[in-house]
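Please look over the sequence and the 3D structure shown here before reading the notes below. They are meant as a careful first briefing, arranged by topic.

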Amino acid sequence: DVESLDNDTILIGTNATGEFLAPAKMNLTTGKIEPLGTAAWDLDATAFSDDRKMFAHTVNREGFGEFYISPADSFGKNGAAIKLPAQGIVGGLNFSGDNSKIAFTFVSAKHNTDIWLYDLKAKKLTQVTKSDRAGIDGKTFIAPELIKYKTFDGREIPAWYYKPKTTNGKLPVIVSVHGGPEGQERPGFNPLYQYYLSRGYAVLATNVRGSTGYGKTFAALDNVRLREDSVKDLAFAVEWLKTAGGADAKRIAVMGGSYGGYMTMAAITLYPDLWAAAVNTVGIVNWETFLKNTSGYRRRQREVEYGFLDKDIEFLRAISPIAKVDRIKTPLFVIHGKNDPRVPYTEAEQIVESLKKRGAIVEYKLFNDEGHGISKLKNRLELYPLVANFLDKYMK
């Protein structure tokens with residue numbers, strides 16, 4: 001977020017001077033950035049009151065949001081902490097005109113998104129909206145445990161571990177990989193996780209190297225030639241699940257969408273013996289064709305992260321899952337939208353055709369009325385029971 005201080009200076013959040021997004025001043029004439037304090041975690045949502053006397057912000061501490069309000073001249077310091085309804089994520093900060101209240105959105109693993117109001121004088125929270133839960137009792141929702149596991153180079157990888165309420169012996173587990181890759185798995189409300197939990201599956205939602213929220217060094221650990229190091233992190237997630245997570249080693253699946261779909265495909269080609277099933281939604285399988293066919297405005301932006309077609313083509317070909325399709329042993333469910341402008345559906349067609357030629361186990365669902373992800377309710381209601389039934393078939 002950017003806020004004007006005067007005609008020459010703006011207030012910004014930046015990691016230009018450290019590992020994390022921190023408050024700073026920037027001179028518009030010189031471009032000089034002056035830090036206004038250090039940060040151990042990323043600055044997240046921000047808001048100034050209309051009269052610029054009050055400042056509110058949140059900090060993303062290991063995925064959980066912390067909420068603070070202070071006088072505007074204390075910009076850069078946390079100020080007074082606001083107690084939240086539960087551990088979760090805060091956004092949409094907005095002061096009332098008289099600075100007596102602030103509205104915000106709140107979401108957690110057990111609370112779908114609603115608007116809340118905090119009275120600064122009474123120090124009282126009020127829930128303003130009550131979002132529909134389709135008749136489902138909120139008490140049935142499950143919150144995750146934040147765990148960390150050691151990976152191949154000794155680093156700790158954070159992940160959220162959701163366990164079903166009813167367990168019988170060792171757990172069948174879905175390892176979920178977020179997209180991005182500049183993304184972060186946070187403990188917000190995920191109806192799909194809750195659905196899988198209700199079907200008896202545990203979910204380990206990972207933040208492998210390359211994820212944001214843990215400093216810019218961590219976020220850069222999978223850039224270009226380091227791409228497959230993040231896939232190694234998934235293999236070590238399986239090791240943690242087997243030794244400390246109570247998982248059944250023969251019933252561990254991997255799934256993800258978009259870049260997480262690439263990670264899913266990379267996992268079942270690089271570590272084909274680890275997985276009982278896999279689900280790839282709108283994922284990349286061929287870096288060369290993806291970069292050639294994605295929307296033009298995205299290509300150069302993506303090449304900085306993944307590698308350039310004119311400089312790194314041999315490497316991009318070598319790490320493409322399509323180049324290792326003969327290694328796949330895992331039953332695979334592929335999902336795509338035909339109107340996807342980011343990852344064209346031809347990525348899905350390539351892998352499905354290659355696997356069918358080999359007589360491998362692959363199921364394919366192409367939605368003609370979807371884009372980058374499955375968003376329409378009628379399609380979601382059709383798709384996700386099919387996915388759960390697919391998992392049941394190969395994991396139970």
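This is a predicted model: local features need pLDDT of at least 70, side-chain atom pairs count only at pLDDT 80 or more; totals for chains, interfaces and linings use all residues.

Residues are numbered from 1 along each chain as its sequence is written, and side-chain values use heavy atoms, with hydrogens and water left out. Helices (H or I, at least four residues) and strands (E, at least two) are DSSP runs, numbered from the N terminus. A residue is called buried under 20% relative accessible area, exposed over 50%, and partly exposed in between, with a 1.4 Å probe and protein chains only.

**Helix 9**

- Helix 9 covers residues 377-395, and its 19 residues, at 1.5 Å a residue, should span 27 Å, which agrees with end C-alpha atoms that are 27 Å apart; the expected span is 1.5 Å times one less than the number of residues.
- The buried residues of helix 9 are N379, L383, Y384, V387, A388, F390, L391 and M395. They cover an arc of only 155 degrees around the axis, and therefore lie on the same side of helix 9, where the arc is that of the directions from the helix axis to the C-beta atoms.
- The face of helix 9 turned away from the buried side carries the exposed residues K378, L381 and K393.
- What do the buried residues of helix 9 pack against? Their partners are helix 1 (191-198) together with strand 15 (171-177), strand 17 (247-257), strand 18 (277-281), strand 19 (332-337) and strand 20 (362-367).

- A nonpolar core is a set of buried Ala, Val, Leu, Ile, Met, Phe, Trp, Tyr and Cys residues joined through side-chain atoms within 4.5 Å. The largest nonpolar core has 60 residues, and those with the most contacts inside it are Y161, L204, L241, W287 and I351.
- Helix 4 (residues 259-270) gives the most to this core, with eight residues.
- A second, separate core has 29 residues, among them Y201, A205, I374 and L383.
- Contact means heavy atoms within 4.5 Å. Leaving aside neighbours within four places in sequence, W287 is in contact with R227, Y259, Y262, Y306, L316, I319 and S320.

**Pocket and cavity**

- On a 1 Å grid over the protein atoms alone, a cavity is a set of points where a 1.4 Å probe fits but cannot get out, and a pocket is an open set with protein on both sides within 12 Å along at least five of seven lines; lining residues have an atom within 4 Å of a point.
- The largest pocket holds about 720 Å³ of space, and of the 35 residues that line it, V177, G179, L192, G256 and G257 are the closest to its centre.
- Helix 1 gives the most to the lining of the largest pocket, with four residues.
- The largest cavity has a volume of about 40 Å³, a volume being the space filled by probe spheres set on the grid points, which are joined across faces, edges and corners.
- The lining of the largest cavity consists of V177, H178, P181, V208, R209, G210, S211, D222 and Y259.

**Single residues**

- L234, in helix 3 (residues 229-243), is buried, with a relative accessible area of 0%. Beyond its neighbours within four places in sequence, L234 is in contact with Y149, V175, V177, T206, V208, M263, A267 and W275.
- P71, found in strand 7 (residues 64-71), is partly exposed, with a relative accessible area of 43%.
- R52 lies in the loop between strand 5 (42-48) and strand 6 (54-61), and its phi is near 65 degrees, a positive value in a residue other than glycine.
- K123 lies in the loop between strand 11 (111-119) and strand 12 (124-127); its phi is near 55 degrees, also positive, and at 65% relative accessibility K123 counts as exposed.
- As a general rule, most residues other than glycine have a negative phi.
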